[in-house]
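Subject: Model with two ligands

Hello,

The model you asked about is below, followed by notes on the ligand sites.

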Amino acid sequence: MILELDCGNSFIKWRVLQSDGLTAVEGGVVGSDGDLLASLGCAEKFQLKKCRLVSVRTQAETDSLVASLVSVFGVSVVRAVPAREMAGVRNGYEDYERLGLDRWLALLGGFHLASGACLVLDFGTAITADFVGADGGHLGGFICPGMPLMRNQLRTHTRRIRYDDTAAERAHESLAPGRTTVEAVERGCMLMLRGFVLTQLELAREYWGKDFVVFLTGGDADLVSGVVPGARVVPDLVFVGLAMACPLS
Ligand SMILES: Nc1ncnc2c1ncn2[C@@H]1O[C@H](COP(=O)(O)OP(=O)(O)O)[C@@H](O)[C@H]1O
Ligand SMILES: CC(C)(COP(=O)(O)O)[C@@H](O)C(=O)NCCC(=O)O
Ligand SMILES: [K+]
């Protein structure tokens with residue numbers, strides 16, 4: 001079977017495909033290399049032969065994970081690498097190697113699925129927006145802090161903002177002005193998130209009118225799906241691009 005990995009700054013997303021490369025068998029989200037190895041179990045469980053991965057972690061971290069995968073499962077590993085152009089999409093960065101590889105794969109996947117102009121919004125540790133025109137030209141994008149970073153910055157840099165995760169979850173029942181600290185912070189950050197999304201949509205409309213597809217991906221995509229009714233929520237968009245960038249012959 002085939003192992004696919006998307007190593008983000010906070011979590012590793014994994015899934016196992018049948019050898020046909022089409023049918024997903026199992027998948028998950030884990031917080032560390034150790035948890036990943038535990039989820040994959042012993043070498044007999046999935047009988048992994050090949051692995052393809054994308055990572056936005058450091059070279060050393062990624063090398064170490066690859067070494068573990070090779071030693072435990074004996075898989076051959078292919079890593080996504082930067083490209084100036086692929087599958088009809090032209091990387092818009094001045095220095096194409098600097099564009100985050102998860103962004104590059106998500107926009108390759110988005111352009112492929114849209115067969116036209118698209119706006120790809122990824123809600124992970126950071127939030128990213130990327131614009132691809134109907135001709136496959138990537139116009140560039142935006143990066144801002146994601147929900148976990150926004151709330152943790154407030155918790156870390158103030159003295160009186162303290163609350164736990166359960167309270168945070170409860171605060172999201174409404175977007176009314178907060179009457180407690182947790183409500184005020186959680187709803188404030190949520191409005192920043194939504195405001196960011198609406199601004200991206202405005203920009204996309206300026207470029208392309210109504211003729212574009214919006215993709216939402218990343219672990220926190222559900223937080224904003226209500227703001228963009230026509231958007232396509234595609235949690236595995238990075239994996240769509242990964243299959244394109246790393247075909248397994
Ligand atoms: N099963 C899950 N495990 C962990 N985080 C999750 C899960 N489902 C949704 N999330 C949300 O996803 C966010 C992380 O998104 P993700 O795209 O994995 O980030 P990154 O790629 O930067 O590691 C977390 O802030 C969390 O709120
Ligand atoms: C922007 C990112 C931090 C997003 O990472 P994530 O939130 O998915 O973990 C990552 O794509 C990255 O490190 N990019 C390199 C900088 C750039 O894209 O300009
Ligand atoms: K990501």
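Which polar backbone atom is 3.0 Å from an oxygen atom of ligand 1? That atom belongs to Gly 219.

Before the rest, some conventions. This is a predicted model, in which local features need pLDDT of at least 70 and side-chain atom pairs count only at pLDDT 80 or more, while totals for chains, interfaces and linings use all residues. Residues are numbered from 1 along each chain as its sequence is written, chains are lettered from A and ligands numbered from 1 in the order in which they are written, and side-chain values use heavy atoms, with hydrogens and water left out.

Ligand 1

Lys 13 also makes a polar contact (a pair of N or O atoms within 3.5 Å): an N or O atom in the Lys 13 side chain is 2.7 Å from an oxygen atom of ligand 1. For Asn 9 it is a backbone N or O atom, 3.5 Å from an oxygen atom of ligand 1. The protein covers 68% of the 570 Å² of accessible area (Shrake-Rupley method, 1.4 Å probe) that ligand 1 has on its own.

There are 13 residues around ligand 1 (a heavy atom within 4 Å), and Ser 10, Phe 11, Lys 13, Thr 125 and Asp 220 come nearest. By class, the shell has four nonpolar, seven polar and two charged residues; Gly counts as polar here, and Tyr and Cys as nonpolar. Domain 1 (2-79) and domain 2 (85-146 + 188-244) both contribute to this shell, so ligand 1 lies between them. The domain bounds come from an automatic or database domain assignment.

Ligand 2

The side chain of Arg 103 has an N or O atom 2.8 Å from an oxygen atom of ligand 2. A polar backbone atom of Thr 125 is 3.2 Å from an oxygen atom of ligand 2. Taken alone, ligand 2 exposes 460 Å², of which the protein buries 76%.

Of the 14 residues around ligand 2, the nearest are Asn 9, Tyr 93, Asp 102, Arg 103 and Ala 126. The shell divides into five nonpolar, six polar and three charged residues. Ligand 2 also lies between domain 1 (2-79) and domain 2 (85-146 + 188-244), because both give residues to its shell.

Regards

How values were computed: Polar contact = N/O pair within 3.5 Å; in protein donor to acceptor, adjacent residues only side chain to side chain.
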